[in-house]
Every structure is written in C-alpha cells, then in structure tokens.
Amino acid sequence: MTALTLSTAAAPGLRADAIVIGVAKGAASRSGGLVVAPGAEAVDKAYDGKLAGVLETLGASGAEGEVTKLPAPSGFKTPLVVAVGLGPEPEKDSSFDAEALRRAAGTAARALNGSKKAAFALPLTDAADAGAIAEGALLGAYSFDAYKENGKDPKKGKAPLAEVALLGGKPRDRAYKAAVERALAVSEELNRARDLINTPPNDLYPEAFAAVAQAAGKEHGIKVQVLDDKALVKGGYGGILGVGGGSEAKPRLVKLSYTSSKAKKHLALVGKGITYDSGGISLKPAGHNETMKCDMSGAAAVFAAVVAVARLGLEVNVTGWLALAENMPSGSAVRPGDVLRMYSGKTVEVLNTDAEGRLVLADALWAASEEKPDAIVDVATLTGAMMLALGSRTYGIMANDDAFRSAVHEAAEEVGEPAWPMPLPEHLRKGMESPTADIANMGERMGGGLVAGLFLREFVGEGITWAHLDIAGPAFNEGGPFGYTPKGGTGTAVRTLVRLAELTASGDLG
Ligand code: BES
Ligand code: MN
Ligand code: ZN
C-alpha cells in the first residue's frame with residue numbers, strides 16, 4: 001500500500017519524483033481561461049508567474065481528468081511537475097469540493113504509476129480537504145498484479161505510486177491527523193475489497209473468502225463466526241444451500257461482529273457474496289458471464305466496511321453478514337421449479353436460478369433481523385435491470401422507510417459514491433405470487449430491480465429499518481480507469497457504509 005504523510009516541506013527543496021499541482025477551468029465571469037489552483041504558488045513563482053500561460057501552450061484547459069506533465073523549474077529538487085485538471089473553478093469565496101479533490105488526486109496518482117514518491121500540492125483549505133486528497137491518491141494508486149509476472153517481481157512492471165507527501169497539511173494538527181488516518185483505514189480496506197473482487201473465482205470461493213474474513217477478524221479484534229455447509233443444513237438456511245448446491249465449492253454464511261463498549265446503536269450490514277454467478281441451470285449465455293466473479297462485490301464491501309469501522313474504533317456495534325455461495329449448474333443444482341424452505345420459514349419457488357442473489361440475501365437478512373438491530377443495509381450486485389436504469393456509475397437505493405433512504409442517499413453523495421433513490425411499488429408484488437410456494441423468486445421483467453427489492457423486503461424482520469443498495473452498475477468497471485476508480489473491481493459502497501456507521505455512532509442517523 002502507498003505510504004502517506006502530511007508535510008510542511010516547501011516545494012523547491014522537497015525531494016520527490018514529481019510535484020502534483022491543480023489547474024482549473026476559470027470562471028466565465030472572469031477570463032474563462034486556465035487558472036492555477038492554490039497550493040501551486042511556489043511552482044508558479046519559479047515559472048515567473050507564467051505557469052498558467054505555459055500550461056495553456058501545452059494544451060491544458062483545467063478539465064477534470066486532464067494530466068499535463070512538464071519539467072520542474074530550475075532550483076527544484078523535483079524533476080517533474082504534474083498538473084492535474086480539477087474541472088470548473090469554484091465560485092468566488094468557496095473552495096473546490098471534496099469529490100473534485102479526490103478525483104484529481106486519483107488521476108494524478110494513476111499518472112504517476114511506476115514512480116516512487118510524489119508531493120501533492122493541491123488546493124487544501126482544511127482537514128477535510130486533506131482527507132479527500134489522501135483518499136483520492138490512495139485509491140488512485142491501486143493496481144491488481146497478483147496474477148501477473150510483475151506481481152511477483154515489481155521490477156518487471158509499473159508498481160503503483162509508493163509514497164505520497166501532502167504539502168500544506170498540518171502534521172501536528174489533530175483534525176488533519178485524524179482525517180489522514182481515516183483516509184488510510186478506509187482506502188486500505190477498500191483496496192482490499194477490490195483485490196477480493198478481482199481475484200478469479202477459481203481461487204476465491206466461499207471457503208476461501210471465509211478464511212480471509214477469519215484472518216482479518218483476528219488482526220482487528222472482530223469476532224468472526226462461520227457457518228459451513230453442515231451448519232447451514234442444521235440451521236435450515238435453505239436459500240444459501242439452494243444456491244450453493246450446484247457447486248463443488250460449498251457455501252458459507254460469515255458473521256463479523258464488531259462491538260464497542262461505548263455503542264448505543266447497532267447497525268447490521270448484509271452482503272451478496274456469489275463468488276461466481278454462472279446463472280446455474282438457467283445458465284447465462286456467453287457474453288454475460290465473463291465478469292461474474294464480481295458478484296461478491298456486496299460481501300466484499302460489507303467486509304471492508306466492518307474492518308475499516310474496527311480500525312477507526314467507532315462507537316457503534318456493527319455486524320456484517322456475508323452470504324457466500326457459488327452459483328453453478330450440475331446434478332445437485334437447484335432447478336427452476338424447485339421450492340426452497342428459507343431460513344425465515346417462508347417457502348420460495350425458484351423460477352429462475354439466475355435470480356440467486358435474493359435467495360442468499362433472504363437468509364442473511366432474516367439472520368440479521370433476529371438480533372433486532374437499529375437498521376439493516378444490504379449491498380448486492382443484484383440486477384441487470386438496475387444497470388439498465390441507472391447506468392454503470394450509479395447505484396440504486398431502495399428502503400422500507402423514506403427518511404432512511406434519503407439519509408443513505410445523502411451519505412453516498414457526501415463520500416462521492418453516485419447513487420439514486422428508487423421506489424418499491426406495491427403493485428409489482430403480485431407478479432411474484434406462486435401457485436405452489438409463498439413467493440416466487442421472479443416477477444415482472446419490467447422494473448426488475450424493484451421486483452428484487454420487494455422480494456428482499458419480505459425477509460426483513462417486522463419493524464426494522466432497512467435499505468437495499470443495488471450496486472450491479474458501479475461494482476465492476478468494464479471501461480477505462482477514471483479519477484480514483486480503476487478498471488475492474490471498484491469497491492463501491494464501502495465508503496457509504498463506513499459513513500453510515502459514523503452517522504449511527506454520532507446519533508445522526510435514525
Ligand atoms: N448477478 C446478476 C446481476 C448482474 C448483472 C450483476 C450484470 C452485475 C452485472 C444477478 O444474479 C442476475 O443474474 N440477475 C438477473 C435476475 C433475473 C433472472 C430476474 C438479471 O438481472 O438478469
Ligand atoms: Mn444471477
Ligand atoms: Zn448474481
């Protein structure tokens with residue numbers, strides 16, 4: 001992982017491979033041209049105050065995602081200046097918003113892949129800005145090389161940026177230190193979630209994921225209980241067993257309990273952990289299964305969030321539930337037409353074995369409900385329909401409580417995870433009526449993401465506040481990297497969940 005320090009060093013004397021500065025698109029009310037952002041004064045001065053002109057000559061405009069490299073002025077111990085676009089200059093008397101800083105820092109970190117040390121001289125007005133820049137840099141400096149030659153020998157490839165010094169930070173200020181520590185804990189765990197998502201399904205099967213959780217629990221003082229296939233049979237977890245029944249790799253239900261002696265509230269997090277989704281007997285066609293190792297992204301997010309919460313020592317009890325199974329077709333697989341008796345006691349007619357996420361989640365939601373937490377949030381790559389509705393960068397939020405749904409949406413916005421509220425229309429429930437069982441696992445095709453949400457709602461304990469995050473779109477980035485988001489597993493929802501835990505701890509959530 002990239003190391004990060006707050007530094008008071010002055011730019012010219014600092015030894016690093018590069019110094020990162022920010023540039024923005026000037027407000028139209030003024031010149032409209034490129035403006036050099038605060039933090040870069042020393043660099044600008046060394047260019048005789050002509051840095052903006054020099055950068056414009058090189059074609060820079062200040063647009064988000066833009067990177068312009070130029071040699072450092074004479075007298076600098078750093079050979080390279082990296083100017084990164086921050087997007088539009090903020091209105092007079094306001095500063096760059098946290099997400100602009102995160103994205104610019106992430107873009108710069110990616111542009112410095114292969115370098116050892118960089119000094120970030122981005123605009124920074126308070127501790128929160130320092131946290132945002134730190135987070136962006138740490139999340140941008142990510143690569144998944146475990147299966148490549150350079151994963152074993154870093155000299156053979158470009159390792160991510162190893163060291164970041166934040167200039168302008170106040171190393172002795174408590175708020176700054178706390179902000180950077182938070183960024184470190186969250187980003188490191190989020191990057192670990194990305195690793196889990198990117199790990200191929202022949203290596204990351206339910207038992208292997210459970211072992212990773214057990215090891216992390218030991219390291220961070222989190223109680224970890226694993227129900228193996230035998231314990232699942234004994235407990236009557238028909239949903240998880242049904243979905244996992246077709247695979248040689250047996251399913252698991254993992255419970256992670258973080259407790260604080262000062263906790264007043266209890267938040268439960270539930271993650272869909274399908275380590276590979278082939279569709280089962282309702283097999284997915286070629287073209288739809290190549291990225292299905294990502295179908296445990298919800299469980300990875302829950303796992304990472306619980307560990308981050310433990311590292312931060314938040315004053316709240318957080319229980320994470322990972323519903324782990326591999327969805328495969330075989331002679332022992334659940335068939336379309338089978339009826340499963342779920343952990344809650346309800347029966348489900350499986351009409352489509354590819355609608356498996358809701359089956360494993362149903363059991364985990366009911367198990368989570370038994371503890372009567374103050375709220376439950378589940379996270380799942382649940383439906384292609386949600387992807388069609390919201391695209392590949394925004395997740396959908398459904399809930400049984402409008403105020404809670406708004407609170408989750410607000411938390412998501414705050415941390416820079418695009419999300420949008422979705423309804424749970426009652427009329428869609430009748431499409432899941434089954435002639436044989438209490439409910440079917442499929443309903444109308446139209447509004448498929450909402451149908452899935454309605455199904456899950458049936459397995460939430462009476463009177464418990466609940467939200468469902470369908471992250472099918474943003475969990476796995478099939479396009480090119482942008483900002484602090486890499487190709488592949490993104491770690492979406494980790495930061496929303498950590499924020500929700502913080503808000504629960506401070507009593508600002510429900
Ligand atoms: N894991 C998929 C959803 C998914 C699709 C996630 C694309 C990420 C990218 C889920 O298990 C699934 O197959 N859902 C079906 C449900 C349908 C059969 C009711 C779907 O969305 O097509
Ligand atoms: Mn599926
Ligand atoms: Zn799935």
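**Group meeting: strands, cores and a domain contact**

Okay, let's start with strand S2, which pairs with strand S3 (residues 34–36) in the antiparallel sense over three bridges. Pairing here takes at least two DSSP bridges between two strands, and strands are DSSP E runs of at least two residues, helices H or I runs of at least four, numbered from the N terminus. In S3, Leu-34 is the bridge partner of Lys-25.

Quick housekeeping: this is a predicted model, with local features needing pLDDT of at least 70, side-chain atom pairs counting only at pLDDT 80 or more, and totals for chains, interfaces and linings using all residues. Residues are numbered from 1 along each chain as its sequence is written, chains are lettered from A and ligands numbered from 1 in the order written, and side-chain values use heavy atoms, leaving out hydrogens and water.

Back to S2. What does S2 run parallel to? Strand S5 (residues 80–88), for one, through seven bridges, with Val-23 opposite Gly-85. Strand S6 (residues 117–121) is also parallel to S2, over four bridges, and there Ile-19 stands opposite Ala-119. S2 itself (residues 18–25) is mostly covered, with seven of its eight residues buried, meaning under 20% relative accessible area, where exposed is over 50% and partly exposed is in between (1.4 Å probe, protein chains only).

Now the cores. A nonpolar core is a set of buried Ala, Val, Leu, Ile, Met, Phe, Trp, Tyr and Cys residues joined through side-chain atoms within 4.5 Å. The largest has 62 residues, and those touching the most other members include Phe-209, Phe-303 and Leu-469. Helix H10 (residues 297–312) gives the most to this core, 12 residues. There's also a second, separate core of 46 residues, with Ile-240 and Leu-456 among them.

Let's pick on Leu-469. Leaving out residues up to four places away in sequence, Leu-469 touches, among others, Val-377, Tyr-395, Ile-397 and Leu-497; contact is heavy atoms within 4.5 Å.

Last bit, the domains. The domain assignment, automatic or from a database, gives domain 1 (3–167) and domain 2 (191–506). Their contact takes 14 residues from domain 1 and 16 residues from domain 2. The C-alpha centres are 36 Å apart. About 1300 Å² is buried between them, 55% of it from carbon and sulfur atoms; that's the accessible area (1.4 Å probe) the two parts lose on being put together, summed over both.

How many salt bridges are there between domain 1 and domain 2? One, by the criterion of a Lys or Arg side-chain nitrogen within 4 Å of an Asp or Glu carboxyl oxygen.
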